[in-house]
Amino acid sequence: MTTALFLMGPTASGKTASAIALVEAGLPVELISVDSALVFKDMDIGTAKPSAAELARAPHHLLDVITPEQAYSAAQFRSDALALMADITARGRLPVLVGGTMLYFNTLQHGIHELPQADPALRAQLQADAEAHGWPALHARLAQLDPATAARLQPNDQQRVERALEICLLAGRPMSELLAEPAAAALPYTLHKLALVPGERAALHERIARRFDAMLAQGLLDEVRMLRERYTLSLDLPSMRCVGYRQAWEYLDGEIEAATMRDKGIFATRQLAKRQLTWLRGMDDVTPLDCLAPDLPAQVVARVRGVIQAGC
């Protein structure tokens, strides 16, 4: 069994700088992005995508995979990541998976259940039903087909209610039953997992606020304007549900003031970080490092060098 490394952490925890440090230290590593926002082309500022200069120093796989009009699933990520990892290890290098999309990390490690693929015709019908009767009515329909799944979903959680109904109708069985069955094969790698976590939550919150302000100064609103002109988008798409983009969209539509947009964007980012930290606390065999430490990149380099030298 070969080795892979997870470099995980909440938003604004210094993952990119630490990953770049690994490459610049001359270690035999290749970086694979584990981020559901960085897969979108032309979404650079609001996703804190590594700059062109940073990518020239330390290339990342799985950036700019799709357009903002498209969707990218955890199953697709797992397939793409496994192919990249096999190629990297075949060349005698260490795959370093770096990012903050914990669902992707979990899916990669533990496998994923084989669920029916999306059906555009059925989704169009479900959307039409929702427009005619409302999402609570579709949630009630889901409750008849799959009470267990409906019980854990809010009636207006459009994306999840739609997907759960789609699975039930295509499979002819409740989604909860399908998820109770064994998942696909687990990851065939020995894993070393580093988690960049804050020793003080308030300090991370301050860092998040500073970074959101920097995004606004760098032109986040102009970026969203450009995206709306270049692509056919709506707030229902995964790309525009990304933190920061939804708030910028609402501001551009005149629904909220600039100060409210900033406050909502920072709050949403803090909530994202909270969810990411909750995921990390539930993961096993994780080595935590204080993301607020001034020498964090050096600590990460030392840890990874030790893994490589140990040969395991």
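Me: Where does Ala12 lie?

Reply: This is a predicted model. In it, Ala12 sits in the loop between strand E1 (2-8) and helix H1 (15-24).

Me: Why is Ala12 called buried?

Reply: Buried means under 20% relative accessible area. Ala12 has 7% relative accessibility, so Ala12 counts as buried.

Me: What does Ala12 touch, leaving out residues up to four places away in sequence?

Reply: Ala12 touches Leu204, Arg207, Ile208 and Arg211. A contact here means heavy atoms within 4.5 Å.

Me: Gly14 is in the loop between E1 and H1 too. Is Gly14 buried, partly exposed or exposed, and why?

Reply: The cut-offs are under 20% for buried and over 50% for exposed, with partly exposed in between. Gly14 comes out at 27% relative accessibility, so Gly14 counts as partly exposed. Gly14 touches Leu196, Arg207 and Leu296, again not counting residues up to four places away in sequence.

Me: How do you know that the length of helix H8 agrees with its residue count?

Reply: The expected span is 1.5 Å times one less than the number of residues. H8 (residues 158-171) has 14 residues, so it should span 20 Å. Its end C-alpha atoms are 20 Å apart, which agrees.

Me: Which residues of H8 are buried, and what do they pack against?

Reply: Val161, Glu162, Ala164, Leu165, Glu166, Ile167 and Cys168 are buried. The buried residues of H8 pack against helix H5 (120-133), helix H6 (135-145), helix H7 (147-151) and helix H9 (175-180). Just after H8, Gly172 takes a positive phi of about 75°.

Me: What are the domains, and how far apart are their centres?

Reply: The domain assignment gives domain 1 (3-112 + 184-311) and domain 2 (120-180). Over C-alpha atoms, 30 Å separate the two centres.

Me: What makes up the lining of the second largest pocket?

Reply: Eleven residues line the second largest pocket. Thr3, Arg93, Leu94, Ile308 and Gly311 lie nearest its centre. E1 and helix H14 (296-310) each supply at least two residues of the lining. The volume of this pocket is about 170 Å³.

Key. Residues are numbered from 1 along each chain as its sequence is written. This is a predicted model: local features need pLDDT of at least 70, side-chain atom pairs count only at pLDDT 80 or more; totals for chains, interfaces and linings use all residues. Side-chain values use heavy atoms; hydrogens and water are left out. Domain bounds come from an automatic or database domain assignment. Helices (H or I, at least four residues) and strands (E, at least two) are DSSP runs, numbered from the N terminus. Buried means under 20% relative accessible area, exposed over 50%, partly exposed in between (1.4 Å probe, protein chains only). On a 1 Å grid over the protein atoms alone, a cavity is a set of points where a 1.4 Å probe fits but cannot get out, and a pocket is an open set with protein on both sides within 12 Å along at least five of seven lines; lining residues have an atom within 4 Å of a point. Grid points are joined across faces, edges and corners, and a volume is the space filled by probe spheres set on the points.
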